[in-house]
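Student: Could we go through some local details of this model together? I would like to cover backbone angles and charged pairs.

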Amino acid sequence: MKKEYWINVKHVDNRLVIFLNGETVWDSGIVHGDPEINQFINITDLLHEHPEYSSELIFEGFNDTYSSNGADDQLNPWHFQYRVFAKTIDENGKVVREIDLIRPYNERHLSNPNIKAIDNSYQLAMKEQEFKVISHSLAQRYSQ
């Protein structure tokens, strides 16, 4: 049996950048109109580079001005949906178990344009032969 660690991004409205230990692992670029995405990002190898230390996984979501008419009080929508999970895979390559490492994130709001809409950080550490979230900090901003 082996364990893999994945991020599944379902929605990005504006821009989402994911960092692991200071390195960019995924960047949506500017996405308008809140399309449904089904992007899977494998973070297993990056977590295993330094298993003796905790790893920091950061999700930064940005709100741009694509729908703003230039007025400071104009609000823009943003929506970010992601899931961080572990898969247990048997020797035949079949997924035998899938568990969420964090509660799946699915938030949609309006905020002032040109701000960092979310700044979510998770600390993952190797405990009992698997990675677990040992702390987190979630920040959402609705205005400047």
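Student: Is Gln129 buried or exposed?

Tutor: In this predicted model, Gln129 counts as exposed because its relative accessibility is 73%, and the cut-off for that class is over 50%.

Student: Where does Gln129 lie?

Tutor: Gln129 sits in the loop between strand 9 and strand 10, the latter covering 130-137.

Student: And what is the phi of Gln129 near?

Tutor: Phi of Gln129 is near 70°, a positive value in a residue other than glycine. Most residues other than glycine have a negative phi.

Student: What about Asn114, where is that found?

Tutor: Asn114 belongs to the loop between strand 8 (105-111) and strand 9 (115-127). Its phi is also positive, near 60°. With 54% relative accessibility, Asn114 counts as exposed.

Student: Changing topic: how many salt bridges does the structure hold?

Tutor: There are 10 salt bridges in the structure. Side chains of opposite charge can pair when their charged atoms come close.

Student: Which residue forms a salt bridge with Asp34?

Tutor: The partner of Asp34 is Arg108, with the closest N and O atoms 3.4 Å apart. This pair links distant parts of the chain, 74 residues apart: Asp34 is in the loop between strand 3 (23-27) and strand 4 (36-42), while Arg108 is in strand 8.

Student: Is Asp34 buried or exposed? And Arg108, buried or exposed?

Tutor: Asp34 is buried, because its relative accessible area is 16%, whereas Arg108 is exposed, at 55%.

Student: Which side chain meets Glu60 in a salt bridge?

Tutor: That of Lys116 does, at 3.4 Å from N to O. Here too the pair links distant parts of the chain, with Glu60 in strand 5 (residues 55-63) and Lys116 in strand 9, 56 residues apart. Glu60 is buried at 15% relative accessible area, and Lys116 is partly exposed at 28%.

Student: Which residues do salt bridges that share partners join into one network?

Tutor: Lys3, Glu128, Glu130 and Lys132 are joined in that way.

Student: One more pair, then. What is the N to O distance between Glu4 and Lys2?

Tutor: The side chains of Glu4 and Lys2 meet in a salt bridge at 3.3 Å, N to O.

Student: Why does Glu4 count as buried?

Tutor: Glu4 counts as buried because its relative accessibility is 14%, and buried means under 20%. Lys2, at 48%, counts as partly exposed.

Technical notes: Residues numbered from 1 in each chain as written. Predicted model: local features only at pLDDT ≥ 70, side-chain atom pairs only at ≥ 80, totals over all residues. Heavy atoms only, no water. Helix = DSSP H or I, 4+ residues; strand = E, 2+ residues; numbered from the N terminus. Buried < 20%, exposed > 50% of the residue type's maximum accessible area, 1.4 Å probe, protein only. Salt bridge = Lys/Arg side-chain N within 4 Å of Asp/Glu carboxyl O.
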